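Q: Please look closely at one part of this structure and describe how its elements pack together.

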Amino acid sequence: MATRMKLKLKTVFVLYFMVSLLGLVYALMQLGQRCDCTEHDMPKDRTISRLRGELHRLQEKMRKAESTKQPQKSQPKPSLPTIFVITPTYARLVQKAELTRLSQTFLHVPQLHWIVVEDSPHKTPLVSEFLAKSGLPYTHLHMPTAKDRKLQEGDPSWLKPRGVEQRNEGLRWLREDRRAQPGGDSQQGVVYFADDDNTYSVPLFDEMRNTQRVSVWPVGLVGGMKYERPVVEGGKVVRFHTGWRPSRPFPMDMAGFAVSLKLVLANPEACFDGEAPMGFLESSFLQGLVTMDELEPKADNCSKVLVWHTRTEKPKMKREEALQAQGLGSDPAVEV
Amino acid sequence: MPKRRDIVAIVLIVLPWTLLITVWHQSAITPLLATRKDDRGDGRSNSRNTFAFKESCSPQNRDIVEVVRTEYVYSRPPPWSDILPAIHVITPTYSRPVQKAELTRLANTLLHVPNLHWILVEDGQKRTPLVSRLLRDTGLNYTHLNVETPRNYKVRGDTRDPRIPRGTIQRNLALRWLRETFNINNSQAGIVYFADDDNTYSLELFEEMRSTKKVSVWPVAFVGGLRYESPKVNTFGKVYGWKTVFDPHRPFAIDMAGFAVNLRLILSKPQAYFKLRGVKGGYQESSLLKELVTLNDLEPKASNCTKVLVWHTRTEKPVLVNEGKKGFTDSNVEI
């Protein structure tokens, strides 16, 4: 009797082990596959996966739209000349805001390379992080302005030229970078100096893209006038319409011209002269590069305004300063 | 001897069950992880117009993923989605030399935001061709309205009849338009945001406000004479006050750019408008918000109001000294 009982127990045990082993194997196989997780799904996860699906659907739509557009485009993207935009910038309260809205415009322009040059002895984390997240192809440089050349607190903005060292640094980098890449293709391009507080419309970049030497166009809200512009007769620039010192060689604003990369590389000595008298900064650069009749007028023979020389107010910080005097200033860790 | 055998027996009995339970527990979670990884993989495999995802590890805290654009589709608003809540951006504007520039760069910003509807309200007797043309050329989904602020309101009046804050009548018109156009029962989910034409907005801001259920709030830079003003948020994620110096005891001590309202809430409270008269400086936002929501219902965004995603920039008035009395430049050229 006892042995039979024992045997039965043994078989029971063996059966039990077999069953549990099989169950384990089955569960392990289930690991690799997706289960029906409606019981486990939290509403947030459901929203996330739904939104993700939506995003994919929209991406598909965009890709389809792009592919139908492609055959109508005249040239495939790679042969579009790159626009190198050189932007000097310096740390102040509105810096991040200015760079943000500038990048939002640049994101609409294909084949644009943004060269940001900080007026600083080293690269600041604010600009570094910003550029990394911007989604634009960029080069981050820095060049401090000598102290005696720098505007002091309370100086009017026209007292000393600004951005000179930074623009020259941008040119220097560009020349060095292009020298390292021989070949005709890398010589194609346009160089444009874009200050971080101006306003640029997207069609402007289309206008400047095929610059052969130096192209020019009107600039709004500059020189104490609604706009300044080159006067075009017979497809050539004959004089300049400006309210201030029209006898300058090139009485234009920095935002009113673009130079072809070829010309910049062919004249390695051409740069901005910080010692030039007020208003002659642009001329100091362009004089060595081109004559007035070689200028290429854009924007419908210089009759349309596609760029505005806007300036941003300095935000009033009276209360902030008062708080800081009490040691209760806003959290400096919060980046503005 | 029997003791050891018993122990072995017990262990051998218990072991498979514990393994089974842990495996079962795992399998409940891994399919969720597997879905996420697969989607990320799919996202990268698309060649040209790709968005790379940067996700946070704990999706319970953030409903929104950070999108880093690697390549971009140019100069065109993203296609309309039927699921994403629409953002109705109400912008009052008025004619002045920098108007076209301001609207141009604001449009360049808004062109990046999916499901955006721009409601531009001009302060004028009629809609100007400048604005009409600009709106048409952007390709944005827009509505162009206009209403003139009565002249005695515009002028810096005497103390008996103080000047009403600029843009109020225009914003109210936009609210009325929304209430006349959308039905509370059968319209796509929407968010209403008041965006002035000279501020600066980051693209992240629009994604933060998209999940607004009632009224959401966040910090705004360069207002109230501070680096930024922000709501005070406690550890439970609820707003309990305002970190401002200028009258922090206002019901809603927040700038126009610092909050967004769910469209449903606007439609359900048809009497809620910005108060026109008798509003003290800085109380305009409160005049609307107190009709819509209480402090407790506010939803803090931007990482519990610790990040600045909108800046109250102001553009200098250009000095047009050289124009002279008659105007030096050709008035036919639009600026």
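A: Helices α3(A) and α4(A) are roughly parallel to each other, a term for angles under 35 degrees, while angles over 145 count as roughly antiparallel, 65 to 115 as roughly perpendicular and the rest as oblique. The axes of helix α3 (residues 95-106) of chain A and helix α4 (residues 125-134) of chain A come within 11 Å and cross at roughly 20°. Here axes are lines fitted to C-alpha atoms, for helices over the stretch in contact, and angles run from 0 to 180 degrees between N-to-C directions. Helices (H or I, at least four residues) and strands (E, at least two) are DSSP runs, numbered from the N terminus.

This is a predicted model, in which local features need pLDDT of at least 70 and side-chain atom pairs count only at pLDDT 80 or more, whereas totals for chains, interfaces and linings use all residues. Residues are numbered from 1 along each chain as its sequence is written, chains are lettered from A and ligands numbered from 1 in the order in which they are written, and side-chain values use heavy atoms, with hydrogens and water left out.

On the side of α3(A), the residues A:Gln95, A:Lys96, A:Leu99, A:Thr100 and A:Ser103 meet A:Leu126, A:Val127 and A:Phe130 of α4(A), contact meaning heavy atoms within 4.5 Å. By class, this contact of α3(A) with α4(A) has four nonpolar, three polar and one charged residues. Ala, Val, Leu, Ile, Met, Phe, Trp, Tyr, Cys and Pro count as nonpolar, Asp, Glu, Lys and Arg as charged, and the others, Gly among them, as polar. In chain B, helix α8 (residues 284-292) lies across β6, β8 (215-217) and β12, running at about 35° to β12(B). The bridge partner of B:Tyr193 in β12(B) is B:Ala260; strands pair if DSSP finds at least two bridges between them.
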